[in-house]
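Morning, everyone. Let me take you through aromatic contacts. Have the model open as I talk.

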Amino acid sequence: MHVADAVMAYHPYAFLDATETGAPLQRINEFFCRVTMGIMCKLTVDLFCGTSSEDEWGAITNMSAHFPAGTSVRSMLHYQQLYLSKRFAEFDFGEEKNLEVYGNKTTPVMDLGEATVPTALFGAGHDLLSDLEDLSTLVTTLAPTEMLEFSNVWPQFSHATWFVGNPTAFGKWFPQLVRVLAKYTPEESQAQVAQASAGTYKSGLLRQAT
C-alpha cells in the first residue's frame with residue numbers, strides 16, 4: 001500500500017490539518033523539532049522538499065507547528081495517480097465510478113492547450129516534488145495559449161523556500177509575485193494590495209510565525 005492509499009483509508013473525505021485527528025501528530029512533530037533545535041524538522045523537510053542553503057531552520061521549526069496543514073487527502077491520492085500513471089488526467093475513482101462521472105472507464109486526459117486562465121509559474125531548482133522537466137512541459141504547452149503570464153526558475157530554491165527562505169531569498173521572488181498580481185487587481189484595490197504586500201515582505205511568511 002502506498003502512503004496516499006493509507007492516508008485515504010484513514011481520512012477518506014478529510015483534510016490533513018493541525019486540528020482534530022491531526023493534533024496529536026502535530027504536537028509530537030513540533031516537540032521533536034524544538035528539542036533538536038530544528039534538526040529533525042530540517043531533515044524531514046529536506047527528504048520530501050529538497051534542500052536549499054537559503055532555507056532558515058527557525059522558519060522550518062515554525063512550519064512544524066502547522067503540520068499537517070490543510071492538504072486535501074484526495075489531492076494527495078491524485079498526485080500519486082499522476083506520478084504512477086505518467087498521465088496528466090482527471091482523478092481516477094475506479095472503473096465503475098469513472099463510468100458514472102466521465103462516461104468512460106478510464107480517466108480523460110486534461111488538455112493544458114485549452115487553458116483559459118492566466119498562469120504564472122515559479123520554479124525551484126532543488127524542488128523534489130515538482131521538477132524542472134514538468135515545469136518545462138508546462139511552459140511549452142501553455143505558451144501557444146497566451147495564458148502564460150510569467151515563468152522563472154530560482155536555481156537554489158527548494159519546494160519550501162517560498163515560505164521558509166531567508167530575507168534574501170524572499171526578496172528574490174516576492175516582488176515578482178506582487179507585480180503579477182497587480183496586473184489583475186482592480187485599480188481601486190491596488191493601494192490595499194501594496195500595503196498588505198509591504199507588510200508581508202517586511203516580516204516574511206514564517207520567519208515571525210508562531
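**Rings and charges**

Start with Y83: the charged end of K86 sits over its ring, 4.2 Å from the centre. By "over a ring" I mean NZ of Lys or CZ of Arg within 6 Å of the ring centre and within 35 degrees of the ring normal. R74 lies over the face of F91, 5.0 Å from the ring centre.

A word on the source. This is a predicted model, so local features need pLDDT of at least 70 and side-chain atom pairs count only at pLDDT 80 or more, while totals for chains, interfaces and linings use all residues. Residues are numbered from 1 along each chain as its sequence is written, and side-chain values use heavy atoms, leaving out hydrogens and water.

Now ring on ring. How many aromatic pairs does a search of the whole structure find? The count is 14. Rings of Phe, Tyr and Trp (its six-membered ring) pair if their centres lie within 6.5 Å; planes under 30 degrees apart are stacked, over 60 edge-to-face, the rest tilted.

Take F170 and F174. They are stacked, 4.9 Å centre to centre, with 15° between the planes. Both belong to helix α9, residues 167–183. Helices here are DSSP runs (H or I, at least four residues), numbered from the N terminus. F170 and F174 are 4 residues apart, so about one helical turn separates them.

Buried or exposed? F170 is buried at 3% relative accessibility, and F174 is buried at 9%. Buried means under 20% relative accessible area, exposed over 50%, partly exposed in between (1.4 Å probe, protein chains only).

F174 also pairs edge-to-face with W173: 5.6 Å centre to centre, 85° between the planes. W173 is buried too, at 7%.

Last, the wider picture. Ring pairs link F122, F150, W154, F157, W162, F170, W173 and F174 into a cluster.

Notes
Helix = DSSP H or I, 4+ residues; strand = E, 2+ residues; numbered from the N terminus.
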